[in-house]
Amino acid sequence: MSTPLFDHNRVILCHFDSYSTALVFARYGASILGPVPLPASAAPMPAPAEVAVHHEPEMVFDALAAQFGLDPAKLNPDDDFQAWMASDDGPIRIHLVRFATLDAPKEAIEPLGGVFKPISEMRGLPMIELNLMRQVFNQIMGGG
């Protein structure tokens, strides 16, 4: 079940192990975006001049932790990640949240139907999501 907040926001959950430089993404069926995939009409867009209150990262982070039953102390929102999608219902902001755990917490996303996968195992996802993962990869591996 999704809240109205997630009509205008999606979240990418990932885990980065700085020791092994392993980056894995939470995947739910045919999408890396939670709690629901993007609508078919979604297309990349620049950030709007004014960000609506329902796009604020803090609100989305709190709703994500509550809806997914995740411990906020084990999550780090990445405020530097910026991605926006245009849709028939208005702009959708894509947020990036990293797990702040030693290992990728498989048990945290299994109840959501999720598994952790590296980008090399993401064939078959929509091209728009593959491009988002590339942006995340470039930011994290680039030291962002």
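**Exercise 1. Where does M85 sit, is M85 buried or exposed, and which residues does M85 touch?**

Step 1: M85 belongs to strand β6; strands (E, at least two residues) and helices (H or I, at least four) are DSSP runs, numbered from the N terminus.

Step 2: Check the burial. M85 is buried, with 3% relative accessibility. Buried means under 20% relative accessible area, exposed over 50%, and partly exposed in between (1.4 Å probe, protein chains only).

Step 3: List the neighbours. Leaving out residues up to four places away in sequence, M85 touches L38, A42, A43, P44, M45, G90, P91, I92, I94, I128 and L132. Contact here means heavy atoms within 4.5 Å.

Step 4: Compare sequence with space. M85 and A47 are 38 residues apart along the chain, and their C-alpha atoms are separated by 8.6 Å.

A word on the model before you go on: it is predicted, so local features need pLDDT of at least 70 and side-chain atom pairs count only at pLDDT 80 or more, while totals for chains, interfaces and linings use all residues. Residues are numbered from 1 along each chain as its sequence is written, and side-chain values use heavy atoms, with hydrogens and water left out.

**Exercise 2. How many salt bridges does a search of the whole structure find?**

Step 1: Recall the criterion. A salt bridge is a side-chain nitrogen of Lys or Arg within 4 Å of a carboxyl oxygen of Asp or Glu.

Step 2: Run the search, and two salt bridges turn up.

Step 3: Take D78 and R98, whose closest N and O atoms are 2.9 Å apart. D78 lies in the loop between β5 (75-77) and β6 (83-86) and R98 in strand β7 (residues 92-99), so the pair ties together parts 20 residues apart in sequence. D78 is buried at 11% relative accessible area, and R98 is buried at 19%.

Step 4: Take E121 and K117, with 3.5 Å from N to O. E121 is partly exposed at 44%, and K117 is partly exposed at 27%.

**Exercise 3. Which peptide bond is cis, and which residue other than glycine has a positive phi near 55°?**

Step 1: Remember the background. Most residues other than glycine have a negative phi, and most peptide bonds are trans.

Step 2: Look at omega. The bond joining G34 and P35 is cis, with omega about 0°. P35 is in the loop between β3 (33-34) and β4 (43-45).

Step 3: Look at phi. T21 has a positive phi, near 55°. T21 is in the loop between β1 (9-17) and β2 (22-28), and T21 is partly exposed, with a relative accessible area of 47%.
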